[in-house]
Amino acid sequence: MSDLRSKLTTAKGDYKSLKYPGDLMADIAAGLGDGAWQPAQRSPAGWRYVAIAATAVIGLSVLLNSGGGSPVQGPTGGAAASVQQNPVARWSGNGMNASQASIFGNSAASSAMTDASPREVIFTNKIPQVRQVTGPMVPIDPRTGLPLGGNESRLTDYTIPSR
Amino acid sequence: MDSITIELARKGDRPALERLVRALQDPWFRFCYSQLRNEEMARDAAQETALRFVRLIANFRGDSSITTWSLGISLNVCREMRRKKILTTADVPDSPTTANGPEERAGKAETHAALHQAMTGLSERQQQVVTLRFFEERSTEETAKIMGCAAGTVKATLHQALRALKNRVSQLT
């Protein structure tokens, strides 16, 4: 190893003697105007990238939230909140109502709340499932995804009065 | 290079920038030559380094010396030139311009032939570490900053490089 180190030390002298052939300043200044000598500031390009990244993150989160659940297909279909028939209209679980659920991006749960007859909505931790225990089938309007048969009025029944 | 010149250069003062470029042109060129093994390409790389240096100096924070910081630019330029397939492994290294006379160079050429050949057999990163640590006399931390890796990685790479060099040199001599 000492032989190698002595060789490296000798080679270092050779390396240090290397010189740029000519004048680098003259070489780079020849093809450039005066404007090129102004040091670039980080801000313009940097902030543009930050703005693009922030937009992408917001867009992605909106996309994920809105696409998280399809409208609940009444008592029989879909995947959303756990819905149980209950003689008393009781929206329980985490205490949210339809409007709040919608605000928090749980459109499926929101739909379930506005759906059909009064039911108990139980919010599970991660992937909610719709489960019909008892109760009649409710026809769904394919255009709106809402139950037919005079249930439209329920849309307003469970929304919070605007402040 | 004094801090006043660097500060002036950061603010776009052209004479200060020129002083810095002139002071750094030789370190840039020899480092680029050590990486590219071709004088013409090393010259191009040094020019590209100078252009980027002028554009980026406003971002220099003084965490390391200006030479160390600018060698990081040189390293990136050399990496890009390699990546663009401008340099192939089949390229034959030429003789660089040195301050010494031709006779002295000829004598040294024989002495260093084995080492030179052994160096070209190293990986890109190993060559960079050996050049920065032994020839540029940069510390482990400075080398790590230039290469954008941890100090431990530099130590490990250097260890492997020296072992490989030793084997190759002993085989060639």
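Helices here are DSSP runs of H or I with at least four residues, strands are E runs of at least two, and both are numbered from the N terminus. This is a predicted model, where local features need pLDDT of at least 70, side-chain atom pairs count only at pLDDT 80 or more, and totals for chains, interfaces and linings use all residues. Residues are numbered from 1 along each chain as its sequence is written, while chains are lettered from A and ligands numbered from 1 in the order in which they are written.

Q: How many helices are there in chain B?
A: Let's go by element type. Chain B has 0 strands. Reading from the N terminus, its elements go α-α-α-α-α-α-α-α. The helix count is 8.

Q: At which residue does helix α2 of chain B have a kink?
A: Helix α2 covers residues 14–36. Bend at a residue means the angle between axes fitted to the seven residues ending there and the seven starting there. The kink is about 40 degrees and comes shortly before the proline B:Pro27, at B:Leu24.

Q: Is B:Gln126 buried, partly exposed or exposed, and why?
A: B:Gln126 sits in helix α6 (residues 124–135). Buried takes 20 or more other C-beta atoms within 10 Å of a residue's own, exposed takes 12 or fewer, and partly exposed is in between, with C-beta atoms placed from the backbone. Because B:Gln126 has 19 others within 10 Å, it counts as partly exposed.

Q: Which residues does B:Gln126 touch, leaving out those up to four places away in sequence?
A: Contact means that C-beta atoms, placed from the backbone, lie within 7 Å. By that rule, the partners are B:Thr157, B:Gln160, B:Ala161 and B:Ala164.

How values were computed. Contact = placed C-beta atoms within 7 Å.
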